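Subject: Structure handed over, with notes

Dear colleague,

Here is the structure I promised to pass on, and my notes on it follow directly below. Please read them with the coordinates open beside you.

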Amino acid sequence: VFFEPKTLYRAAVEEVPVADYKLPLSKAEVVKSGDNVTIVAWGTQLHVCRDAIKVAEEKFDITCELIDLRTILPWDFETVCESVCRTGRLVIAHEAPFTMGFGAEIAATVQEECFLNLEAPIQRVTGLDTPFPLIFEPFYMPDKLRCLEAIRKVTEF
């Protein structure tokens, strides 16, 4: 099953190859390299995190590694764990609720595989644990400020 958020149709402007191409479904993409914090996101949260990273790097004098997970089953835990072992910090951003969202699976795996490398508690920036509020969607969805706060927490721990 593939999901395409409609908000990305006109929001994302990226280079697209002219010829046919394939993307590996189980391989994450390191969108931006960094040394201090690993940020994992997918879908629309990737663009939200990109904006938060710009502010965080200026404000906190750090560099953030942004990973586009691309798929959540299977998910590329090797790329994520390799990055977390190097940075020592992890922020996970997704639109699902905090409770039972896929970020919990990522956090559990990273905690098991990278525990001795973690410098701060893993932060999850998620939707709220409420029914989806339709007209109040902007208040429900994780935004740049919530992502920025999570980055601040892991860097100042």
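In this predicted model, Trp75 and Phe102 are both buried, Trp75 having a relative accessibility of 12%. The ring centres of Trp75 and Phe102 are 6.0 Å apart and the planes stand at 90 degrees, so the pair is edge-to-face. Because Trp75 belongs to the loop between S3 and helix H3 (77-87) whereas Phe102 belongs to helix H4 (residues 102-114), the pair ties together parts of the chain that are 27 residues apart in sequence.

The count of aromatic pairs comes to five. Another of them joins Trp75 to Phe77, with ring centres 6.0 Å apart and planes at 65 degrees, which is over the 60 degrees required, so this pair is edge-to-face too. Phe77 is partly exposed, at 36% relative accessibility. Through ring pairs, Trp42, Trp75, Phe77 and Phe102 are linked into a cluster. As for charges over rings, Arg124 lies over the face of Phe98, at 3.7 Å from the ring centre.

The next topic is helix H2, which covers residues 45-60. Its 16 residues should span 22 Å at 1.5 Å a residue, and the C-alpha atoms at its ends are 21 Å apart, which agrees with that expectation. Which residues of H2 are buried? They are Gln45, Leu46, Val48, Cys49, Ala52, Ile53 and Ala56, and because they cover an arc of only 140 degrees around the axis, they are on the same side of H2. The background to such a pattern is that an α-helix has 3.6 residues a turn, so residues three or four places apart point the same way. The buried residues of H2 pack against strand S1 (29-32), strand S2 (37-41), strand S3 (64-68), strand S4 (90-97) and helix H6 (144-156), while the face turned away from the buried side carries the exposed residues Lys54 and Glu58. Just after H2, Asp61 takes a positive phi of about 55 degrees.

I also looked at the cysteines, and a search of the whole structure finds zero disulfides. Cys81 counts as buried, at 9% relative accessibility. For Cys147, the closest cysteine sulfur is that of Cys49, at 4.0 Å, which again is too far for a bond.

Finally, a word on Asn36, which is placed in the loop between S1 and S2 and is partly exposed, with a relative accessible area of 27%. Leaving aside neighbours within four places in sequence, Asn36 is in contact with Ile62, Thr63, Thr87 and Arg89.

With kind regards

Note on methods:
Residues are numbered from 1 along each chain as its sequence is written. This is a predicted model: local features need pLDDT of at least 70, side-chain atom pairs count only at pLDDT 80 or more; totals for chains, interfaces and linings use all residues. Side-chain values use heavy atoms; hydrogens and water are left out. Helices (H or I, at least four residues) and strands (E, at least two) are DSSP runs, numbered from the N terminus. The expected span of a helix is 1.5 Å times one less than its number of residues. Buried means under 20% relative accessible area, exposed over 50%, partly exposed in between (1.4 Å probe, protein chains only). The arc is that of the directions from the helix axis to the C-beta atoms. Contact means heavy atoms within 4.5 Å. A disulfide is a pair of cysteine sulfur atoms within 2.5 Å. Rings of Phe, Tyr and Trp (its six-membered ring) pair if their centres lie within 6.5 Å; planes under 30 degrees apart count as stacked, over 60 as edge-to-face and the rest as tilted. A charge sits over a ring if NZ of Lys or CZ of Arg is within 6 Å of the ring centre and within 35 degrees of the ring normal.
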